[in-house]
Amino acid sequence: MSNTIVPQKDWWKENAAGTPKMITEAPGPKSRVMHASTTRYMKGLSGQVKLFPVCFEEGFGITLTDVDGNKYLDFSSGIYVTSLGHCHPKISEAISFWAKKLMNAHDFTTPVKEKLMEKMAGILPEKLNAIQLYSDGTAAVEAAIRAARAITNKHEFISAYRDFHGKTMGAVSCAQMYRGETHSYGPTRAAGFYMVPRPDPYRPLWTKTDGTIDTDAYIRFYETFLLEGTVGNVAAFVLEPAQGWAGSIFPPDDFFPKLRNLCDKHKILLYDDEVLAGMGRTGEWLTLNHWGVIPDIVTFGKSFGNGFPVTAMVVSEENGNALEKISASSSYGGNPMACAAALASLEVIEEEDILQNVRTVGDFFMKRMLKMKESHPIVGDVKGKGFLLGIELVKDKKTKEPFDEAGKLVYQKAFRKGLAWIPAGHILRMSPPLIMDEKYAKMGMDMIEDAITEVEKEFGYR
Ligand SMILES: Cc1ncc(COP(=O)(O)O)c(C=O)c1O
């Protein structure tokens, strides 16, 4: 029906040969002109685009080509989105099949939706099988918040410092945006939404006597906070399994199992927002699988349709009737093209053994980053699992003072060498396409390490 193409596992390799190929200074002359004319009208661009105003024209597999003909190695998958490679033949074919046959049928059942539901039920933990589909991550998060209220008849939510969940009112109330900045348009968090610290092993608030992070202290604090800081009406903890935007920050292994116990004890839902970290990016379908924890609510997005806007909100079967209470459907959610993109993406993850590739090449990434930590004076910490990675730059390894200026320079220098990526301030975030092999993983890391060395020289560290 949707899957007429069965591509070779190495479908992207011929295109990748000879990458990076920089034929002009980057951003090149055409990029600069197009960016300038676009931004006469288009406002509100991200910091990364402002720092490197390149104009892309084409993407295939693990490469991106700009309008000047420069070809870059992709180390960000768009923005954690095109995780199975740009324009994957099977996925593009599946979308175009339905683009020519049936583009929208409200939330009526379609053959491709039926197949997607079966596929998802087979992949998700058994108890998570009440599903609704949306067209961006934020809409799925908003629906999850409403579902949590409908399930529990409670209205408060607890999220964590530096979590990110989207930019509409409910989602932004669970997110830490505008860190340390003052904005004149008022508070961004709705009533009943709270933030607590979550454990960051490199920057712990509470440590044990041996100096390692004390997860129990965080859990004890949450228990106190429930009593003292809320009105006893907490519907859910809303957390990313690993903090993507904040810089690929993973909690200690005992955090989510202990939080699950706390939630069970207080009859609070655990809502796991896997929009960024789910669907294979860390080597498991759900990042929470690493710790054997099953959430009550989960959201997927980004990689789910490999570039086609399709997202999902899933609750456990026993809570499925809550979705009847919140008028859960939307105009575009679950349209046939979206279902086809998601179904084909899930099939590709299985057919191309993507989870195994992420684990194997992910080990290579981690070993390489650990070596960089030893040999570079400004690399304070390295972190990640699978293909969700971060290198934290500091001015001094003892004080751990963030080195934002270095982060910006490393970003621009590596981009000029031919690496398309999206670091975050002093943390160099990396999220390469999950199809990438060790050869290109090494190539990207070489470009980053060369850029770090150059920046260290400029700042007098070498
Ligand atoms: C964890 C998480 N949740 C939700 C969102 C919002 O998704 P979208 O940008 O598709 O609305 C994001 C986006 O980065 C995210 O990282």
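Modeller: Two strands pair if DSSP finds at least two bridges between them; strands are DSSP runs of E with at least two residues, helices are runs of H or I with at least four, and both are numbered from the N terminus. The model is predicted: local features need pLDDT of at least 70 and side-chain atom pairs pLDDT 80 or more, whereas totals for chains, interfaces and linings use all residues. Residues are numbered from 1 along each chain as its sequence is written.

Colleague: Which strands form the open sheet, and in what order?

Modeller: The open sheet has 4 strands, ordered β1-β2-β3-β13, with mixed pairing. At its edges lie β1 (56-60) and β13 (419-420), each of which pairs on one side only.

Colleague: In what sense do β3 and β13 pair?

Modeller: Strand β3 (residues 71-74) pairs with β13 in the parallel sense, over 2 bridges. Within β13, L419 is the bridge partner of L73.

Colleague: Turning to the helices, at what angle do α5 and α12 cross?

Modeller: The axes of α5 (residues 89-99) and α12 (residues 336-351) cross at roughly 160° and come within 8 Å. Axes are lines fitted to C-alpha atoms over the stretch in contact, with angles from 0 to 180 degrees between N-to-C directions. The two helices are therefore roughly antiparallel (an angle over 145 degrees).

Colleague: Which residues of α5 and α12 meet?

Modeller: K90, I91, A94, I95, F97, W98 and A99 of α5 meet P336, M337, A340, A341, L343, A344, S345 and V348 of α12 (C-beta atoms, placed from the backbone, within 7 Å). By class, this contact holds 13 nonpolar residues, 1 polar and 1 charged; Ala, Val, Leu, Ile, Met, Phe, Trp, Tyr, Cys and Pro count as nonpolar, Asp, Glu, Lys and Arg as charged, and the others, Gly among them, as polar.

Colleague: And at what angle do α14 and α15 cross?

Modeller: Helices α14 (residues 404-417) and α15 (residues 438-458) have axes that cross at roughly 130° and come within 8 Å. That angle makes α14 oblique to α15. On the α14 side, A406, L409, V410, K413, A414 and K417 make the contact, and on the α15 side M447, I448, D450, A451, I452, E454 and V455.

Colleague: How does that contact divide by class?

Modeller: The contact of α14 with α15 has 9 nonpolar and 4 charged residues, and no polar ones.

Colleague: Finally, which residues come nearest to the ligand?

Modeller: Of the 14 residues around the ligand, the nearest are G137, T138, G166, V275 and L276 (a residue is near if its C-beta atom, placed from the backbone, lies within 6 Å). Helix α7 (residues 137-152) gives the largest share of the shell, 3 residues. The shell comprises 5 nonpolar, 6 polar and 3 charged residues.

How values were computed:
Angles under 35 degrees count as roughly parallel, over 145 as roughly antiparallel, 65 to 115 as roughly perpendicular and the rest as oblique. Two residues are in contact if their C-beta atoms, placed from the backbone, lie within 7 Å.
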